[in-house]
Structure formats: C-alpha cells, structure tokens
Amino acid sequence: MCGIVGYIGKRDAAPLIVEGLKKLEYRGYDSFGIATLENGLDIAKHQGRISEKADSTARLRGKIGIGHTRWATHGVPNDINAHPHTDCLGKIAVVHNGIIENYADLKRQLQGRGHTFLSETDTEVIVHLIEEEYAKNPDLLSAVQAVAPKLEGSYAILVITADEERIIAARNASPLVVGVGDGEFFAASDMTPVIEFTERAVFLEDGDIVSLSRKQLEIFHEGKPVTRPVELIDWSLEDVRKGGFAHYMLKEIYEQPQAFYNTIRSVDPDKLPANVRHAAFVTLVACGSSYHTGLIFKYLLEAVCGIPARLEFASEFKYFPPPVNGLVIGITQSGETADTLAALKHAKASGCSTLAITNVLGSSVTRVADITLFMRAGPEISVAATKSFIAQLAVLMQIVNSISETKYDDILQQAHKAIEEVLLMDLSDGVALCKKATSIFYVGRGAFYPVSLEGALKMKEISYIHAEGYAAGELKHGPFALLSPETPVIALCMPGDTYSVMISNIKEMKARGAPVIAIGIDGDRELTDIVDLFIAVPKTPLFIQILTSIIVEQLLAYHTAVALGRDVDKPRNLAKSVTVE
C-alpha cells in the first residue's frame, strides 16, 4: 500500500523521484523518503506528505536514486519508520511496497546475530538480510537473489549500495514496472511517474529480479536470465494531470462518459469466450466499490438472463471459501487487490474457470486469471473510485448484453450521452442538507440497492459524514430508530415493480421526521410532492438509470466534501490500491 520510484541515468535523480512520488501519493502519503548515490549514500526521509515537504530533499545529489511514499502497515508514521531503510553500516538502502509476513522470525534471528534495528517496520529485515549476503559475496544482484527466497509475503523492492552503480529490483505479489528510456531506466509501482519520460515499459512478473545499470536492463527468474516484452503504453502525461479541475476526483467524474464509451467499444459482446457467454452459474469476488458493481451485475444477470449469481467479499473468501464451481469473476480496478488475487487463486485451484476485470495492463491479476477483460478508464488518481466504477459497469453490462444476444447494444452505445447530461446538474440544495448531517441513509430496491451502497460509500469516504446504504425495506428492522431531522435520507426511486412500495417507504421515513432527497425520473410529480428535494435524472432504460443515479451520488458527495473543506483526493486513513490484507 505504498509507492516506490527508482531512477538511474544521466539526470539528477532526486528531483525526478520527488515528482514521481507525488504522482504515487494516492497509494500512501503518511511519510516519504529518498536515497541517492554520489560519493556514498545520502538519505532524506520525513513524516508527512512529499507534496508538502519536498524541499527537504534539495540537498540530495547523484544520478542514481530510489524513493518511497508510505501508507503505514507496521509501525506508526514517523521519520524513523519512513523508507528507505539501511543496513548496520549505512551502505545499503531499500524501499519496499508490501508486507513481509515472516518478518518477526527473521528479525529475531538477525538480532541474535548482532544486527541493530532502528524502526518498527517489516521492511528493515530485508536490508539486514542483504547486508549479510553482501558481506559473503560483494555483488548486490547475488545478494538480493539469495535473500528473496527467505521472504514470505508480498514485496516490490528497490535496492542500492554505495559500492555499485546500479539498482536491483525484485517483485512478488506487489506491482513493479520498469520504464525504458534512452540511456536511462525508471522503476515504479505503476506507470504514472514514468510516462512523462517514456512510453516503453516492462511489466515484471512474480519472482523476477532485475539489475538496472545505465546501459542495460537484465531480468532474472529463479537465477536464470529471462526476457520480458517491452510494451507501449498509450496513456498520455495529460491523463494524469488535473486538466484545470480543482481536484482529480472532479476531473475523473467528468471523464466518465468517455470511460464508459471507450470500455463498451473495447469489449466486443460477440467475441467473449464461450465459458462466459454460456455460464450456468457465476461467482463474483470483489472488495469496496468493486463489490458494489458486482452486486449490480448480480441483479442484472439474474433478472435479465435468468442466470444465478453469488457475490462474495474477497477478504472473506480466502478464509471462509464456499464451494465453488463454474465461472468465477474477480473485479479489481488496480489488478493488485490482495484479497481478490487470493480468491481467484483459490478458485483456480478448485478447478473453476476465472475471469478478471481490471483497469491496469500487466497487473498481477492478468497473470492469475484465465481471461482478462480490461476497463478503459485510464489512470485514476483520486482515492475514491468514480470512472473506474463506471468502466467496471461497462464491462459487466456488456457481459449481460452478450448473454442476452446483444439486445442491449443500442442502449449501451448511447449511454455516455445520458451520463453527460447529468454532469452539469446543480446540487447546491442537496449539499446544504447533507453538509449539516450527522448521518445520512441511502436507500433503494433491486439494482438500486447496490447503487445506494455505493452512494453511501462515496459520501463517507470523502466527506467523513457517517453514511449507510440499505435495501429500503430493511430500515424498519432497526435503522428506523436513528431517523431524525438531522439524518437525511437519499432515496433512489425509479419506475418499475418496486416504485409503489418505495413511495410507501419514503412516506414512512418522512413520518419519522427525516428530510428526504429523492433521485427519480424527470417529470415524476408524485415523488416530487412527497419529498424535501427532488433530483431528476433523464427518463431512460434501466441500465442507464443506474449509471446516471451513480453520477448524481458522486457529485453530491464531492460537493459536500468540498463544502466541508475535506481533502477530496486523499481522504484520511485511505489508500487507492489495497495490495495487502
């Protein structure tokens, strides 16, 4: 849950690494550090965000360096626990993303052999193990190759030593990409720090260990040289900049029509694999917002296609795996979500066919699953999922369309236009109600129940207002006791079989004193007359109603958070990609 950057070449390393780490702050931002090489090892590391304290690295010199921005897993955020970590002699430095599960045993063994530890982190065992191997054979590549089999868990590491002009990188179950420039190389957790300098990338595989010098890239797997393809990345530098928007989140909300359209166009319903088109039963595994897209898909698949589906939290699936058969779909924006990867591996071991839905080419899930369908959302920088959520729905709706013999083609091809319509909606009255709330309840029925879950998640994660989503009929089973004039209810009330019962539910909430904001179809006079605030979305088919309702929820959460002065792109205690359990 951290970001790492390395550079070797002809430029000054520190400024380049600083800018790269700023682009990776969505992965973690409680502390940072950089180590460079020039007449020895020089390190600057501090608690806090690099975007606020980058000046502290100005003294660092050298054309080789590694850096890290942290999201704490072992040890509180402070200067000492910040990476890079060094060996007892201060000659070897390591940055690490991941978790070393056996670090406690390794630490006891190392302390027994006389090593002194300064931090509370799991990472520090890595550099002391390398120190021991380097003392036996002063070759950094050989030392890392000897240490890697001793590490249990996940890691992407970059290592430098004062005695050699190269960077050694290694990965296992944590993302790591190498950017290939002209006479220079970059290493990073993803492409965002790299694309300003090169569009050529090598995506490393689990078990790969890499030597980067100024002149060459060497990759080893199980001690033997291997070749990995150099891929061309079609993201532009502008894709990862705010483009004039106040926050990345707002920029990414406005990119959703294009993200949905691009994804729909990239997933050909006539060319989906037979085991997807003819699935008799589907199991989905996901976390967070991806879980909500999975739940929407479950409702659509069962209602439209008559195919039973089961949805599981990936975090529970690993430890309490249910019996599985047929097709298992794992949904993960980053392609690195640890729980989802573990669930797919279990499904494969159980003989199931597996499908991954992800946004990131070369990510770990693409090597785990039998089949991968890519979202075309482009890089998503803000921690809160917006355009990746819509792009996931595009893939899942296209699967439903394929199984339904493409009867929804026209709807999906035109859906981006309806998304555009709601982007400029004035939600100031809704923000005025929400920003004063102590709690907010989101309610819906059918496919709009998971839409309500996603709305509540967006509100709580960026505004810090307590928010919960419920199937509307479930409020009577306890949550009614919490309704008051200080607890607004956001009700999703669309035409269909549940419309009349939703109207009854809303009247019951109003009778308990709760102000109700309703999201419904334009022109619905009955709904308008019974609620405090009516937000109209265009009259469209069900698939598009789902999409436009989500956009309204995203915008309401965003503007509420801005009104409260929250750090919208980097909400407290959260990170973008959960690559650890």
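**Exercise 1.** Which strands each supply at least two residues of the lining of the largest cavity?

*Solution.* The model is a predicted one, in which local features need pLDDT of at least 70 and side-chain atom pairs count only at pLDDT 80 or more, while totals for chains, interfaces and linings use all residues. Residues are numbered from 1 along each chain as its sequence is written, and side-chain values use heavy atoms, with hydrogens and water left out.

Begin with the cavity search, which over the whole structure finds one cavity of 30 Å³ or more (a cavity being a set of points on a 1 Å grid over the protein atoms alone where a 1.4 Å probe fits but cannot get out, with lining residues having an atom within 4 Å of a point). The largest cavity holds about 70 Å³ of space (the volume filled by probe spheres set on the points). Its lining includes Cys2, His68, Arg70, Trp71, His96, Gly98 and Asp122. The strands asked for are E4 (64-70) and E6 (92-100) (strands being DSSP runs of E, at least two residues, and helices runs of H or I, at least four).

**Exercise 2.** Describe how helices H14 and H19 pack.

*Solution.* Take the geometry first: H14 (residues 409-422) and H19 (residues 542-563) pack at an angle of about 30°, with axes 9 Å apart (axes are lines fitted to C-alpha atoms over the stretch in contact, and angles run from 0 to 180 degrees between N-to-C directions). The two helices are therefore roughly parallel (angles under 35 degrees).

Next, identify the contact (heavy atoms within 4.5 Å), to which H14 contributes residues including Ile411 and Val422, and H19 residues including Phe543 and Leu555.

How values were computed:
Angles under 35 degrees count as roughly parallel, over 145 as roughly antiparallel, 65 to 115 as roughly perpendicular and the rest as oblique. On a 1 Å grid over the protein atoms alone, a cavity is a set of points where a 1.4 Å probe fits but cannot get out, and a pocket is an open set with protein on both sides within 12 Å along at least five of seven lines; lining residues have an atom within 4 Å of a point.
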